[in-house]
There are 2 protein chains.
Amino acid sequence: MEIAENAALVVVDVQKGFEEEEFWGARNNPAADDNIASLIDVWQATGRPVVFVRHDSPKPKSPLRTGYVGNDFKEYVEERRGKGAGAELLVTKTVNSAFYGTPDLDAWFKAEGIRQFVVAGIQTNMCAETTARMGGNLGYEVVFAWDATYTFDLAGPFGWRCGAEELARATAVSLHGGGFAQVVTAETVRGAAAR
Amino acid sequence: MEIAENAALVVVDVQKGFEEEEFWGARNNPAADDNIASLIDVWQATGRPVVFVRHDSPKPKSPLRTGYVGNDFKEYVEERRGKGAGAELLVTKTVNSAFYGTPDLDAWFKAEGIRQFVVAGIQTNMCAETTARMGGNLGYEVVFAWDATYTFDLAGPFGWRCGAEELARATAVSLHGGGFAQVVTAETVRGAAAR
């Protein structure tokens, strides 16, 4: 695969609140955080643009609510902010899609001439997937670094419950098979970006 | 559940091209078409607004491409168009989300004072799900009539393949558990709309 010289890395909602597993349930993919960190490192070292997205939840009980420690970025993300050789953008939002945040991500991409972006972050089937779907529909070349994302077991309708790994695989198949995004490993992205 | 007096029914991509299973693969939920037809009937009888969405695929091999018979609505949809006591809108699009079509669905909903809509149609995890995700993020009260949708087996990345039923259940759990939409049966919607 090809990673453009100005491809953006969109780091979705890597916030401390997601460490509260008693709230979210069991997660998959313990390697996700290392993969996210390594992608940021490659992007910053090669001067590519990085977008940090933060979920400012308006829900009073959400671990991601504003004014609560869970709203902060995880330490390894916070310590990397402002360190890159390339452009950096902070987008805040109250819903899933990073394209419905502030400032307007689509407008920023267009102003910067960015046509390709890589999605990493939390959760695979929620904010990461929604951002990838909208990006694909907006005409961007979206790359989804699947193992640089993770999610949690989840209760649905009709008494159903899906495991985190099952949901993450369905995300991969729908995004890739549906043409929203190329779904690849973080290692594939790192290799292509380092060329 | 409550269905507002002016709740819209959004009938997504119920087109003849989806009958070409040699192209799409095996489908789930043979009852979907009867459920879609019955929802249109209830909506039209109660004077509620119906939005018919058509996918005009720009891909030369797509069974939904413009100028090809597969682009047409299925017979039971076509014969119901123009028959309702309420407002009707045709939205055409080239991507998944009905909110990225013509005319602008969000603008039409706002002009009509519509705050709640029901999604039915094809495919569960593609255009139906993407429309529900965007609708939820835009602040609408979205109801997803799960068994008035269907989908197909699909190949993904890493040599993975998911069955239609597995994908449809993951859609239900992510939409409902993630707060994008209330996922219910068509029977529940019909009962609430007939009150």
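Hi everyone, let me start with one pair of side chains: E78(A) and R81(A) form a salt bridge, and their closest N and O atoms are 3.4 Å apart. As for how open this spot is, E78(A) is partly exposed, with a relative accessible area of 37%, and R81(A) is partly exposed too, at 26%. Before I go on, please keep in mind that this is a predicted model.

That pair belongs to a longer list. Searching the whole structure, over all chains, gives 23 salt bridges. Let me show you another one in chain A. D33(A) and K74(A) form a salt bridge, with 3.2 Å between the closest N and O atoms. What I like here is that the pair links distant parts of the chain: D33(A) sits in helix α2, residues 32-45, while K74(A) sits in the loop between β2 and α3, 41 residues apart. And are these two buried or exposed? D33(A) is buried, at 14% relative accessible area, and K74(A) is buried as well, at 3%.

Now please turn to helix α4 of chain A, residues 105-112. Which of its residues are buried? They are L105(A), D106(A), W108(A) and F109(A). These residues cover an arc of only 165° around the axis, so they lie on the same side of α4(A).

The N-terminal end of α4(A) is capped by D104(A), which places a side-chain oxygen 3.2 Å from the backbone nitrogen of D106(A). Just after the helix comes G113(A), with a positive phi of about 70°.

Next, how the two chains meet. Three residues stand out on the chain A side: N137(A), W160(A) and V173(A) supply 22% of the area that chain A buries against chain B, more than any other three residues.

There is polar contact here too. Between the chains we find 14 residue pairs in polar contact.

In one salt bridge across the contact, R133(B) meets E129(A), at 3.3 Å from N to O. R133(B) also has a partner in its own chain, E129(B), in a salt bridge of 2.9 Å. R133(B) and E129(B) are 4 residues apart in helix α5 of chain B, which means they are separated by about one helical turn. Both R133(B) and E129(B) are buried.

Beyond its neighbours within four places in sequence, V91(B) touches several residues, including V51(B), F52(B), V53(B), P103(B) and L105(B). The C-alpha atoms of V91(B) and V10(B) are 9.7 Å apart, although 81 residues separate the two along the chain.

P103(B) brings me to some backbone details. The peptide bond from T102(B) to P103(B) is cis, with omega near -5°, and P103(B) lies in the loop between β4 and α4 of chain B. Another cis bond runs from I122(B) to Q123(B), with omega near -10°, and Q123(B) is in the loop between β5 and α5 of chain B.

Last stop: F158(A) has a positive phi of about 60° although it is not a glycine. You will find F158(A) in the loop between β7 and β8 of chain A, partly exposed at 38%. In chain B, F158(B) also has a positive phi of about 60°, and its relative accessibility of 37% makes it partly exposed.

Definitions and conventions
Residues are numbered from 1 along each chain as its sequence is written. Chains are lettered from A and ligands numbered from 1 in the order in which they are written. This is a predicted model: local features need pLDDT of at least 70, side-chain atom pairs count only at pLDDT 80 or more; totals for chains, interfaces and linings use all residues. Side-chain values use heavy atoms; hydrogens and water are left out. A salt bridge is a side-chain nitrogen of Lys or Arg within 4 Å of a carboxyl oxygen of Asp or Glu. Helices (H or I, at least four residues) and strands (E, at least two) are DSSP runs, numbered from the N terminus. Buried means under 20% relative accessible area, exposed over 50%, partly exposed in between (1.4 Å probe, protein chains only). The arc is that of the directions from the helix axis to the C-beta atoms. A polar contact is a pair of N or O atoms within 3.5 Å; within protein, one must be able to donate a hydrogen and the other to accept it, and residues adjacent in sequence count only if both atoms are side-chain atoms. Buried area is the accessible area (1.4 Å probe) that two parts lose on being put together, summed over both. Contact means heavy atoms within 4.5 Å.
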